[in-house]
Amino acid sequence: MTEVALQAVDLVRRIEGDVSHTLVNGIDLAVNKGEFVAITGPSGSGKSSLLYLLGLLDAPSEGEIMICGQPTSKLSESERADVRLTKCGFVFQFHFLLPEFTSLDNVLLPMRAAGVMAEGAMRERGLALLGSLGLAEHANKRPNQLSGGQRQRVAIARALANRPEIIVADEPTGALDTKSTEQVFSILRDIADNGQTVIVVTHDPALAARADRRVHIVDGKIAEITERGGAELVSPSIAPCEISHA
Ligand SMILES: Nc1ncnc2c1ncn2[C@@H]1O[C@H](COP(=O)(O)OP(=O)(O)OP(=O)(O)O)[C@@H](O)[C@H]1O
């Protein structure tokens, strides 16, 4: 049975000021467990704003986001932070690794924050994650001793640390060379193929083409949803999966 990992219902994000601005304007989207979704669209169309809502980094003005069936709109800030820490992993264009920490210590940070594993088990998992991303020999190096692609892979290992249901990535290959871009593509594809859910904002058509679905945003709304292989879905706002309200 298909399981929904994340569901957005009529999401709106408005910025109020002298002039009010609607960044996200009524988005409905359900993303299945293990699905790889690419969010595309012109610059300024609201892709990052949508992604931040989906990853609970920002709160919607209207609408609901359910993570693994759990509604999030009425959670307190600390409850939201807890869901973020345990259910979501983040990768950005810039790696945001702590410069004074080694790769391993950076990967251990989310596990330490969650506080559910013993030190030895955390280190074992951190080393295994780094090893799985081809970074075994770089575990004790600091970010300034690594290439851009290696730093981004450490950031991906950190995002995976707490076995999150959903990986949210904003232009993860935007600052990388072709070879590192290819590695990061493959890693994200593998993550989804192994059952975690991946949602990526990208301007890169090659990355979007490797996603299971491409959600094209224009003016804060879904303009088109395309399945891998090119078939455009009939309705832009309905995902082919069951909706869970558990
Ligand atoms: N906090 C804010 N206050 C006012 N306007 C904002 C704010 N955040 C974003 N915007 C505006 O909202 C629109 C959508 O921004 P967003 O970053 O989501 O677009 P994007 O599609 O990710 O763009 P890009 O591809 O260039 O990164 C843009 O016009 C942006 O300038």
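The structure is a predicted model, in which local features need pLDDT of at least 70, side-chain atom pairs count only at pLDDT 80 or more, and totals for chains, interfaces and linings use all residues. Residues are numbered from 1 along each chain as its sequence is written. Helices (H or I, at least four residues) and strands (E, at least two) are DSSP runs, numbered from the N terminus.

**The ligand shell**
- Around the ligand stand Ile-15, His-21, Leu-23, Gly-41, Ser-43, Gly-44, Ser-45, Gly-46, Lys-47, Ser-48 and Ser-49, where a residue is near a molecule if its C-beta atom, placed from the backbone, lies within 6 Å of it.
- Strand 2 (21–32) and helix 1 (47–54) are the elements that give two or more residues to this shell.
- Helix 1 gives the most, with three residues.

**Helix 3**
- In helix 3 (residues 103–114), the buried residues are Ser-103, Leu-104, Asn-106, Val-107, Leu-108, Pro-110 and Met-111; buried means that 20 or more other C-beta atoms, placed from the backbone, lie within 10 Å of the residue's own.

- An open sheet is formed by four strands in the order 2-1-4-5, with antiparallel pairing; two strands pair if DSSP finds at least two bridges between them.
- Strand 2 and strand 5 (70–71) are at the edges with a single partner strand each, so one side of each has no neighbour in the sheet.
- Strand 4 (residues 62–67) and strand 5 run antiparallel and are joined by two bridges.
- Ile-67 lies opposite Gln-70 in strand 5.

How values were computed
Buried ≥ 20, exposed ≤ 12 C-beta atoms within 10 Å, placed from the backbone.
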